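Let us take a walk through this structure together, from its surface to the contacts between its side chains. Have the 3D view ready as you read.

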Amino acid sequence: MPTIQTLKPGDEEALEEFLVQHASTSMFLRSNSHAAGLQDHGERFQGTYVAAIDSGQIIAVAAHYWNGMLIPQAPVYLEEVVKAAVTQSGRMISGISGSANQVEATRDILGLLETQICLSEREILFSLSLSNLNIPGALTNGEVLCRLPKSSELQLLGDWCAAFCIEALGQTKTPKLLSECQQTVQRRQADKVHFCLIKQQKPVSYCTFNAQLPDIVQIGGVWTPPKKRGNGYAKCVVAGALLHARSTGVTQAILFTPKNNIAAQSAYQAIGFVPTGEEYGLLLLHDAVAGR
């Protein structure tokens, strides 16, 4: 039986050594620990990490983050690390993400009910070596431009962020959601992790890096207003964002998208993304609940 223990500052190298073996389903874990370390004072990107350790090596981990998200990477001893992470953090649970099978197993371990769940999806994981990035003609010929947003565009992008949350994540339009999305966009602006596609001096599409490391980024929040869809804008904004990343030394990109979103899958494959053969799970709750 392995030792189950909470990771502390100084354990970063051992954690990374384990997570890199499961790189495509560990982007949030790796990005958050890289950004905030292993301390947990409830600040952005911080979480409580609990690992199963056998013969001095991590063989499973679960992290419970500042925002209530619970993320396992536990091919073994899933129940042990999940329960310990929730207990040690003392936080409410707002959702689960990670390898699809582990997300579903974690849902059962926690005893979550269907009525508590607002979104539960198995999504297709895609990967792209940026040396194989196919750049759409509209970008190369100057028909559209991808860039970091201007401050004057942030109000609009906050509205788009909320629209994405409503359509893609099953959330409800409320003043609280709109306010939170405006704050999210402001943080993305400060971190320089979001991009808008411009046509005739107006934004027409949007995406963000929702996790990043020096050599790899994960694309998220891709949004084109419904009336502007069907023009290839999504593949252009993602390709443009990845061109920016490539210029800074990033060599790989990851994203996941719902199985039923054929248009998105076609757009991503058109610029070079290929399925990894893995599925990513995303489960969100209507209201945060206490762990059991």
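A nonpolar patch, as the term is used here, is made of residues with over 30% relative accessible area and no salt bridge, with nonpolar side chains joined within 5 Å. Keep in mind that this is a predicted model. With that definition in hand, look for Met1, Ile4, Val76 and Tyr77, which make a nonpolar surface patch of about 370 Å². One of these residues, isoleucine 4, belongs to strand β1, which covers residues 3–6. Its relative accessible area is 31%, so isoleucine 4 is classed as partly exposed.

Next come the aromatic side chains. How many aromatic pairs does the structure hold? There are 6 of them. Phenylalanine 45 and tryptophan 66 make an edge-to-face pair, with 5.6 Å from centre to centre and 65° between the planes. Phenylalanine 45 is in the loop between α2 (27–36) and β2 (47–54), while tryptophan 66 is in the loop between β3 (57–65) and β4 (69–73), so their pairing ties together parts that are 21 residues apart in sequence. Phenylalanine 45 has 26% relative accessibility and therefore counts as partly exposed. Tryptophan 66, at 30%, counts as partly exposed too. The two rings also belong to one aromatic cluster, formed by Phe45, Tyr49, Tyr65 and Trp66.

Another aromatic pair brings us to two strands. The ring centres of phenylalanine 195 and phenylalanine 209 are 5.1 Å apart and their planes meet at 55°, so this pair is tilted. Phenylalanine 195 sits in strand β8 (residues 194–199) and phenylalanine 209 in strand β9 (residues 202–212), so the contact ties together parts that are 14 residues apart in sequence.

Now let us turn to charge. Side chains of opposite charge can pair when their charged atoms come close. A search of the whole structure finds 12 salt bridges. In one of them, glutamate 16 partners arginine 30, and the closest N and O atoms are 2.6 Å apart. This pair links distant parts of the chain, since glutamate 16 is in helix α1 (residues 12–19) and arginine 30 is in helix α2, 14 residues apart. Glutamate 16 counts as partly exposed at 29% relative accessibility, whereas arginine 30 counts as buried at 7%.

A second salt bridge joins arginine 122 to glutamate 279, with the closest N and O atoms 2.6 Å apart. Arginine 122 lies in strand β6 (residues 117–129) and glutamate 279 in strand β12 (residues 274–290), so the pair ties together parts that are 157 residues apart in sequence. Arginine 122 is partly exposed, with a relative accessible area of 28%, and glutamate 279 is partly exposed at 24%. Which residues join them in a network of salt bridges? The network links Arg122 and Glu279 with Glu104 and Lys259.

Arginine 229 deserves a stop of its own. On one side of its story is a salt bridge with glutamate 167, in which the closest N and O atoms are 3.1 Å apart. The pair links distant parts of the chain: arginine 229 is in the loop between β10 (216–223) and α8 (233–247), and glutamate 167 is in helix α6 (residues 154–169), 62 residues apart. Arginine 229 is partly exposed, with a relative accessible area of 36%, and glutamate 167 counts as partly exposed at 49%. The charged end of arginine 229 also sits over the ring of tryptophan 223, 4.8 Å from its centre.

Our last stop is helix α7, which spans residues 175–191 and includes glutamine 183. Glutamine 182 lies in helix α7 as well. A polar atom of the glutamine 182 side chain lies 3.1 Å from the backbone oxygen of glutamine 155. As for glutamine 183, its C-alpha atom is separated by 18 Å from that of alanine 211, 28 residues apart along the chain.

Key. Residues are numbered from 1 along each chain as its sequence is written. This is a predicted model: local features need pLDDT of at least 70, side-chain atom pairs count only at pLDDT 80 or more; totals for chains, interfaces and linings use all residues. Side-chain values use heavy atoms; hydrogens and water are left out. Helices (H or I, at least four residues) and strands (E, at least two) are DSSP runs, numbered from the N terminus. Rings of Phe, Tyr and Trp (its six-membered ring) pair if their centres lie within 6.5 Å; planes under 30 degrees apart count as stacked, over 60 as edge-to-face and the rest as tilted. Buried means under 20% relative accessible area, exposed over 50%, partly exposed in between (1.4 Å probe, protein chains only). A charge sits over a ring if NZ of Lys or CZ of Arg is within 6 Å of the ring centre and within 35 degrees of the ring normal. Patches are made of residues with over 30% relative accessible area and no salt bridge: like charges are joined within 9 Å, nonpolar side chains (Val, Leu, Ile, Met, Phe, Trp, Tyr) within 5 Å. Accessible areas come from the Shrake-Rupley method with a 1.4 Å probe; for residues, only the protein chains shown count as cover. A salt bridge is a side-chain nitrogen of Lys or Arg within 4 Å of a carboxyl oxygen of Asp or Glu. A polar contact is a pair of N or O atoms within 3.5 Å; within protein, one must be able to donate a hydrogen and the other to accept it, and residues adjacent in sequence count only if both atoms are side-chain atoms.
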